[in-house]
Amino acid sequence: MKVFVSYWLPDAPLNALREKHTVVVNEENRVLTAQELVAQLADSDALLCVGSRVDRAVLDAVGPRLKIVANWGVGYNNIDADYAAQKGIMVTNTPDVLTETTADLSWAILMAVARRVVEADAYVRAGQFQGFKPFAMLGADVWGKTLGIIGCGRIGQAVGRRAQGFGMRVLYHNRKPLDKETERALGARYMEIDALLKESDFVSLNVPLTEETLHLIDARRLSLMKPSAFLVNTTRGPVVDEQALLTALLEKQIAGAALDVFEKEPAVTPGLTELPNVVLTPHIGSGSWETRTAMAYVSVRNIIAALEGQPPPNLVNKPICQ
Ligand code: DGY
């Protein structure tokens, strides 16, 4: 059977696929256009989807053999999974293997923005460090502060676990409150979003992107945050109204932001890149060599199961049998 891989991935995880199937990899160093993708999917049995958008139009145009779209990523808002189900196509994702790595990045950029690490690095590189100045480049303390986590699933909880080492008070909001034991282990207290925003010194966004979470953080919610607070987003850009965030930063409604994801990737709202109190990284939440390779192994496992007629381990939709 033919498996199309929509972006380069390391050989090791793909070799398991190659033992059983014909694997065709997009060798261009870019995401394919919808047309190019559809052309490849005309005779494919599986798509290992790396960063491609698989919407209704694509799903209507693919060939009849396509059984599974195995997303390389935990977030699958790039795929219309419900419509795929109607067409009898399975959709899978890659949870768990990237939880800790993504939480690490949330902390990396949280610390960077609070302690002005990026600015300080640029200062030294520019030759401006002429000797120790007791009150230069001062940032905000992280330890002992209040962390608010919006979206306390696997990654949100991993962000919360790290806060314990910093002696922080942890608040969280989740669609469904966590069970008492998990809450206790995390030392976290459930709150409604608005109350959490008012009390937190750092707000970490960890909700998936859905119709309900689109612009969850808008102008009104930003205005609830403390002027000394920082917003950290490593989930999906459209969870934040980026224009409203820019305004909040310019008007000093909040102290800073650390963003790994953007509303209209790869574009960044003009103005954000001018601000020193903003740390920007290019969607590298799960970006360690080990984790991104592990994600590929998970996608491969899902495809092998599906093509053998077994339920793939990480199915996220309920395909109607055709
Ligand atoms: C994920 O796993 O969702 C990452 O953002 C990569 O797309």
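**Aromatic pairs and a charge over a ring**

Good morning. By the ring-pairing rule used here, the count comes to 3 aromatic pairs. Please bear in mind that this is a predicted model. I shall describe two of the pairs in turn.

Trp107 and Phe166 form a stacked pair, with 4.7 Å from centre to centre and 15° between the planes. Trp107 belongs to helix H5, residues 99-114, while Phe166 sits in the loop between helix H7 (154-164) and strand E7 (169-173), so the pair ties together parts that are 59 residues apart in sequence. As for accessibility, Trp107 has a relative value of 6% and counts as buried. Phe166, by contrast, is partly exposed, its relative accessible area being 28%.

I turn to Phe202 and Phe230. Their ring centres are 5.4 Å apart and their planes lie at 10°; the cut-off for stacking is under 30 degrees, so this pair is stacked. Phe202 and Phe230 are both buried.

Next, a charged side chain. Which residue lies over the face of Tyr83? That residue is Arg56, at 4.0 Å from the ring centre.

Finally, a word on Pro270, which is placed in the loop between strand E11 (256-259) and strand E12 (278-280). Its relative accessibility is 69%, and Pro270 therefore counts as exposed. Pro270 and Leu246 are 24 residues apart in sequence, and their C-alpha atoms are 8.8 Å apart in space.

Thank you for your attention.

How values were computed
Residues are numbered from 1 along each chain as its sequence is written. This is a predicted model: local features need pLDDT of at least 70, side-chain atom pairs count only at pLDDT 80 or more; totals for chains, interfaces and linings use all residues. Side-chain values use heavy atoms; hydrogens and water are left out. Rings of Phe, Tyr and Trp (its six-membered ring) pair if their centres lie within 6.5 Å; planes under 30 degrees apart count as stacked, over 60 as edge-to-face and the rest as tilted. Helices (H or I, at least four residues) and strands (E, at least two) are DSSP runs, numbered from the N terminus. Buried means under 20% relative accessible area, exposed over 50%, partly exposed in between (1.4 Å probe, protein chains only). A charge sits over a ring if NZ of Lys or CZ of Arg is within 6 Å of the ring centre and within 35 degrees of the ring normal.
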